[in-house]
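Please look at the sequence and the 3D structure below before reading on. The report then goes through selected features one at a time.

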Number of protein chains: 2
Amino acid sequence: MRGYDKYAFEPFAVTVDLAVLTLRAGALHVLLVERGQEPYLGHWALPGGFVLPNESAETAARRELAEETGLADVSGLHLEQLRTYSEPDRDPRMRVVSVAFAALLPDAPEPRGGGDAAQARWLPYDGAQPLAFDHDRILADAHDRVGAKLEYTCLATAFCPPEFTLGELQQVYETVWGTGLDRPNFRRKVLATPGFVEPVPGGGARLTGGRGKPAALYRAGTATTLHPPLLRPPREGRSA
Amino acid sequence: MRGYDKYAFEPFAVTVDLAVLTLRAGALHVLLVERGQEPYLGHWALPGGFVLPNESAETAARRELAEETGLADVSGLHLEQLRTYSEPDRDPRMRVVSVAFAALLPDAPEPRGGGDAAQARWLPYDGAQPLAFDHDRILADAHDRVGAKLEYTCLATAFCPPEFTLGELQQVYETVWGTGLDRPNFRRKVLATPGFVEPVPGGGARLTGGRGKPAALYRAGTATTLHPPLLRPPREGRSA
DNA sequence: CCTTTAATGGTCGTACCGACTATAAACCTG
DNA sequence: CAGGTTTATAGTCGGTACGACCATTAAAGG
């Protein structure tokens, strides 16, 4: 099927769906909107919308991200295309093909309504709540992807503010992976990876709550990949 | 933009594009079709086609794979969704959103025409040949993805016939990565990973050309991921 | 028969990583 | 203010993995 012109084709609606993730109070949270109409009236759903005629899916995703979060500048946020969901019956109204993205936010301002009546809120990531459409699966895929990319990329800093402590960076890993990590070993590994983080020149004032010894501040480095990777502890299945 | 009904939307054509990769004579090859019409008349392009009204993108990709390769059974082949390309001007004729897939084939039968006039052929992967549309980028993304997944999954066996030698498996890594690997170390690593490969019970007759000591035959194991991963040798940039 | 080729088996040293202990600098409590 | 708590930081130690080798075996070829 090489020639477009000689085959009839069905036009599809193309949308983007966003799994916007952040860390609030040491727990992973997702930005969800409450549906105001059928189907799935009253259910929570991932934010998203149509791709406009002159937009790429990435452009549409960033526009939706700005609209839904109410943030003035979303240009620096990490936005990653997950995959495209195209099951014929995923939306009962019509044929909708949706390109899913994951977005990572450092802090979590409570979203304004964005001019739309339906409320948008940060809800904790449980993995259990039934979302509208196939959004449970999209959200689970987003979680899997982010967890995997933490191993071999510097993605974790996308969850952190511009200046952060190593304790905060470790919390990102622990929260997304759901495991505990040894603090000295984590510190050794991160500092031994050139370009992962770099110390803030001025000196290390603390940012955290206040208890304990003040921590040094770091910024995200210039590296994007981790060689060798920072592997998560193997699942306690069985050892051969 | 929560409600579909209250916004106008532009219908898009949705297609799939396939980067079908195989190993022929120790080199990576790609299945390409020659375009028989404008635009890009005479250029090589990735095989692909429209997603039909009752198909998912995965279904359409597998159908196209069967049509283009002429293989009777493509159900066991590894098919992986790469990402979706949706730049508004990627096809000059109309708005086309394309879901790209990578397919991995063990052996490489010369493709029949598939009933279509345009010829389909295996061409060596150079990364230099200018393909039609944005297919150069899709092909490069496919190569990157496959190379990366070799590190932490058992994907390499998808390039191998049902029974293979460790030398053939090593050739997959060396060809895709473009590097040489130490044979004893590769062997030790593969055999130390439970579930990666398992010996053929009957005994190890050779399959390869004939020179050298006959190699034992193995089958793909049940594992899907490699823990710890089989990292490719670091690029010779500089060491800190 | 000797060379060539490739598979297989093994050694050795280093780097890394997990587990663990120790010290330092802040706060809180009485 | 003394002492305990909390968190950050420094360091040790042993096992494992892995890269760089070397050696042996089993075939084909001249």
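Predicted model: local features only at pLDDT ≥ 70, side-chain atom pairs only at ≥ 80, totals over all residues.

Residues are numbered from 1 along each chain as its sequence is written, chains are lettered from A and ligands numbered from 1 in the order in which they are written, and side-chain values use heavy atoms, with hydrogens and water left out.

## The surfaces near the DNA

A residue is near a molecule or strand if one of its heavy atoms lies within 4 Å of it. DNA strand C is surrounded by 21 residues, and the closest are Arg188(A), Lys189(A), Arg183(B), Arg187(B) and Ala216(B). Of the atoms of DNA strand C within 4 Å of the protein, 55% are sugar or phosphate atoms, and the rest belong to bases.

By class, the surface near DNA strand C has nine charged, seven nonpolar and five polar residues. Here Ala, Val, Leu, Ile, Met, Phe, Trp, Tyr, Cys and Pro count as nonpolar, Asp, Glu, Lys and Arg as charged, and the others, Gly among them, as polar.

DNA strand D has 22 residues around it, of which Arg183(A), Arg187(A), Ala216(A), Arg188(B) and Lys189(B) come nearest. Sugar and phosphate make up 56% of the atoms of DNA strand D that come within 4 Å of the protein. The surface near DNA strand D has nine charged, eight nonpolar and five polar residues.

| Protein atom | DNA atom | Distance |
|---|---|---|
| Lys189(A), side chain | phosphate oxygen, DNA strand C | 2.8 Å |
| Arg187(B), side chain | phosphate oxygen, DNA strand C | 2.6 Å |
| Ala216(B), backbone | phosphate oxygen, DNA strand C | 2.8 Å |
| Arg187(A), side chain | phosphate oxygen, DNA strand D | 2.7 Å |
| Asn185(B), side chain | base nitrogen, DNA strand D | 2.9 Å |
| Arg188(B), side chain | base oxygen, DNA strand D | 2.9 Å |

Helix 4 (183–192) of chain A and helix 4 (183–192) of chain B are the elements that give two or more residues to the surface near DNA strand C. Helices (H or I, at least four residues) and strands (E, at least two) are DSSP runs, numbered from the N terminus. Helix 4 of chain A and helix 4 of chain B also each supply at least two residues of the surface near DNA strand D.

## Two domains in chain A

Chain A is divided into domain 1 (13–150) and domain 2 (155–220), with bounds that come from an automatic or database domain assignment. The C-alpha centres of domain 1 and domain 2 of chain A are 27 Å apart. In chain A, 15 residues of domain 1 are in contact with 12 residues of domain 2, where contact means heavy atoms within 4.5 Å.

Asp134(A) lies in the loop between strand 7 (120–124) and helix 2 (135–152) of chain A. Is Asp134(A) buried or exposed? At 18% relative accessibility, Asp134(A) counts as buried; buried means under 20% relative accessible area, exposed over 50%, and partly exposed in between (1.4 Å probe, protein chains only). The side chains of Asp134(A) and Arg90(A) are joined by a polar contact of 2.8 Å. Leaving out residues up to four places away in sequence, Asp134(A) touches Tyr85(A) and Arg90(A).

## Strands and a loop in chain B

In chain B, an open sheet of three strands has the order 8-10-9, with antiparallel pairing. Strand 8 and strand 9 (197–199) of chain B stand at the edges with a single partner strand each, so one side of each has no neighbour in the sheet. Two strands pair if DSSP finds at least two bridges between them. Strand 9 and strand 10 (residues 217–220) of chain B pair in the antiparallel sense over three bridges, and Val197(B) has Ala220(B) in strand 10 as its bridge partner.

Thr157(B) lies in the loop between helix 2 (135–152) and strand 8 (164–165) of chain B. Thr157(B) is buried, with a relative accessible area of 16%. Apart from residues up to four places away in sequence, Thr157(B) touches Phe164(B), Leu169(B), Phe196(B) and Ala220(B). The side chain of Thr157(B) also reaches the backbone oxygen of Cys154(B) at 2.9 Å.

Methods
Polar contact = N/O pair within 3.5 Å; in protein donor to acceptor, adjacent residues only side chain to side chain.
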